[in-house]
Amino acid sequence: MDFKDNQEQANFRKKCREWLEKNAKPKTGVEKNEFANINYLQAAKDWQKKKYDAGWAMLHWPKEYGGIAASAIERIIWSEEESKFDVPRGIFEIGLGMCGPVMMEYASENQKARYLPPMAEGKEIWCQLFSEPSAGSDVAGLRSKAVQDGDNWIINGQKVWTSGAHFSDYGILVVRHDANLEKHKGMTFFFIDMKSPGIEVKPIKQITGGSSFNEVYFNDVVVPDSQRLGEIGDGWKVAITTLMNERLAVGDANGADVEDAFRWAKGQDDLGEPLINNKSVRSSIADWYCEANGLKNTKLRTMSALSKGETPGPEASITKIVSANKLQDIGNFGMDSLDMSGMLKTDDPEIQSFQNAWLGAPGLRIAGGTDEILKNIIAERVLGLPQDARADKGLPYKDIPTGNA
Amino acid sequence: MNLDFSDDQKFLQNEARKFLEKEESIKRNREILDESSSLDVDLWRKIVALGWTGIRIPENFDGLGLGHLELCVIAEELGRFLAPVPYSSSVYLFTEAVIKYGSEELKKDILPKLVSGEIVGTLAVTEDFMAPSSSNIKTEVLNNKITGKKIAVPDAGIATHSIIVCKSSNGIDLRLIDHKDKSLNILKQDTVDGSRGHFCVELENTPSILVGEEGNGWDLYESIINQAAVLFSFEQVGGSQATLDMAVNYAKERYAFGKPIGSFQGVKHKLADMYVAITLAKSNSYYAAWALSSESSDLPVAAATARVSATKAFQLCSKENIQTHGGNGFTWEYDCHLFYKRSKLLSLNIGSLSNWKEKLVSSLEKSNIN
């Protein structure tokens, strides 16, 4: 066992660091999360362009689309080094992490050459249009319709929880083309121009007060058949490719962590004593430290496997469940420690980070697979347990019972 | 980057697994409970014959001269198969204390006999129905002779020697005693998990040999249990994995309402929680194994992190395994209770969960993670 890079990895890390040091500032401590801010969007585009021009944008992509065909371990090394710098990340994760891989696998050569480089460069932003008002965890229950009309398809319906739809140029879309087929068989997948006539984007105001998600309405939107990804009826298969990538893209819940709770507890008063002397606080800090380091060390085990050219085990599937719940608990702890004053909004970045964690964590426990769905996935795919009995199995979509929503 | 065991270490682990499976270690555990014995002497002899008691003992003392990582992989398998042997007491605690703090003369005398099985050791610290600490140890040494009483000493029945944590004029000492001495009285105590006997050791002017620096025994004791915590964690991870495997198999085979119970989300989510706890514990144990084998200054934090995660994992998995088995899980006939009881034994030996959480946070304060 050791934590050293081999010579090749060490050289690569050095190259990453040298470029980052020249082009960005190291992190200082409490960084602000300004996802919805328009200046942040421009800053993120600028940073992505800078990386693209220097060849760092999409390391593992083939050269013709702006990558350097880097190995998985090199990608992790880059990401580790980049995360030490205060740079605007986050805007492109869905496009690059989910839409990119689908286009890579299903789009024509001409389409790949047209769309992938601007995606990597950050010039064109992509979003993912899957969830619907009545199809969340059961996303295959979606209702939005596609009707073929010559060389085109006409799309009608509504999508929801679409991150970044309000500033996206393109999107990937799965819709129902035949409600007489079984639900998983009647879907088809497209990519669309978000500026198409008939698309209306309405931001959703979240419990945080911010709006990073949207409702997207489709009213007779015309999509050429050439923008179909996969065969007619293969929509679910293509969607699964994307969802597999989503789990890798979502991963760790960012925000206040055990180090922040520990530092706070040392400085905060608890009825005349330092908060860190409180037994129940010490117990919670021990738990969070074990979870945070359990995830960190799990990642190191995954990297070890990649580094040896092996396929990692399913360990990484625990990341979001553990980190989103920990984030919620730590936010709650910070606010609790302030007693009545915990309700007040302030300029204090530490207090803000606890309040943001507490307000944001409920969303993270849902986005990209709820805790419950992720536990089903662990139980079924990792532990090999049988699927739950389904009331919709074998039924044509149109005959499946639906509730009021 | 290599947070993984080597091929040789994995081979050793695989051999250990095959051996304990073939020897029906879990069945032996049950037989001990049924016979009210306190360990399996036959299995212990076979383990000695395989050389496992000499893994960390240098070759010039007849050992295998291997490292802590080899001990970790053996520990995981002993935990998986609930081996009813005094391995943790004799190897993780007694042997490591002699290697770390014994004089050359003591090593020359003791270590080869630990390899051959002639000596089996344990460590005695607890004296009353509370956690031991440097301020509540009453057993006292005067002119190298110890007087006092220790309780809940694991494996003292088969042990030939003990290291006693005792009070001296300069503080706390670690002292080695020979169980042959007539001044000793060793009595078996009734315990919740009889597969690893616990004993009361009464000492009256029992002759002893100092191990390590005089008066500094509590720090040495802490340092020994920090090392041992890593190995205990591996046993706990092995036990956790075994209970998850049992629960998963049962959930696939047991039907209710016309379906395997493993298809119900109430059961699935429980089993997924067990998987999450094991993954965290295992990864933290791997890191602690690295810290132990490389003598990192991070060991106190790493060991406590592994220990807390592994204790939580085994406690969760062993109790939810019973729950998954329903009424069957509550019977003596099913193996679930053997793991439930062992999880408690492993979580209390070398100190409780709350004490290890405290150790973790105070180590963080000392190492000043910010």
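**Overview**

In chain B, 56% of the 370 residues count as buried; a residue is buried if 20 or more other C-beta atoms, placed from the backbone, lie within 10 Å of its own, exposed if 12 or fewer do, and partly exposed in between. The model is predicted: local features need pLDDT of at least 70, side-chain atom pairs count only at pLDDT 80 or more, and totals for chains, interfaces and linings use all residues. Residues are numbered from 1 along each chain as its sequence is written, while chains are lettered from A and ligands numbered from 1 in the order in which they are written.

**Confidence**

- The predictor assigns the complex an ipTM of 0.95 and a pTM of 0.94.
- Chain B has a mean pLDDT of 96, and 99% of its residues reach 70 or more; pLDDT is the predictor's confidence in each residue, from 0 to 100.

**Chain B as a whole**

- Chain B contains 11 helices and 10 strands; helices (H or I, at least four residues) and strands (E, at least two) are DSSP runs, numbered from the N terminus.
- Chain B is as compact as a globular protein of its length, because its radius of gyration of 20 Å is close to the 21 Å that the globule rule gives for 370 residues. This radius is taken over C-alpha atoms, and the globule rule is 2.2 Å times the number of residues to the power 0.38.
- Along the principal axes, the C-alpha atoms of chain B fill a box of roughly 75 × 50 × 40 Å.
- Of the contacts in chain B between residues at least 6 apart in sequence, 75% join residues at least 24 apart; two residues are in contact if their C-beta atoms, placed from the backbone, lie within 7 Å.

**Domains**

- Chain B is divided into domain 1 (7-116), domain 2 (121-215) and domain 3 (218-367), with bounds that come from an automatic or database domain assignment.
- The C-alpha centres of domain 2 and domain 3 of chain B are 28 Å apart, and their contact takes 12 residues from domain 2 and 11 residues from domain 3.
- For chain A, the assignment gives domain 1 (7-91), domain 2 (126-236) and domain 3 (251-369).
- In chain A, 24 Å separate the C-alpha centres of domain 1 and domain 3, and five residues of domain 1 meet seven residues of domain 3.

**Where the chains meet**

- The contact between the chains takes 39 residues from chain B and 39 residues from chain A.
- Helix 8 of chain B gives the most to the side of chain B that touches chain A, with 16 residues.
- The residues on that side of chain B divide into 21 nonpolar, 12 polar and six charged. Here Ala, Val, Leu, Ile, Met, Phe, Trp, Tyr, Cys and Pro count as nonpolar, Asp, Glu, Lys and Arg as charged, and the others, Gly among them, as polar.

- From first C-alpha to last, helix 8 of chain B reaches 41 Å, close to the 42 Å expected at 1.5 Å a residue; the expected span is 1.5 Å times one less than the number of residues.
- The buried residues of helix 11 of chain A, including Leu374(A) and Ile378(A), pack against helix 9 (319-336) of chain A together with helix 8 (265-293) of chain B.
- Helix 11 of chain A is followed by Gly384(A), whose phi is positive, near 75°.
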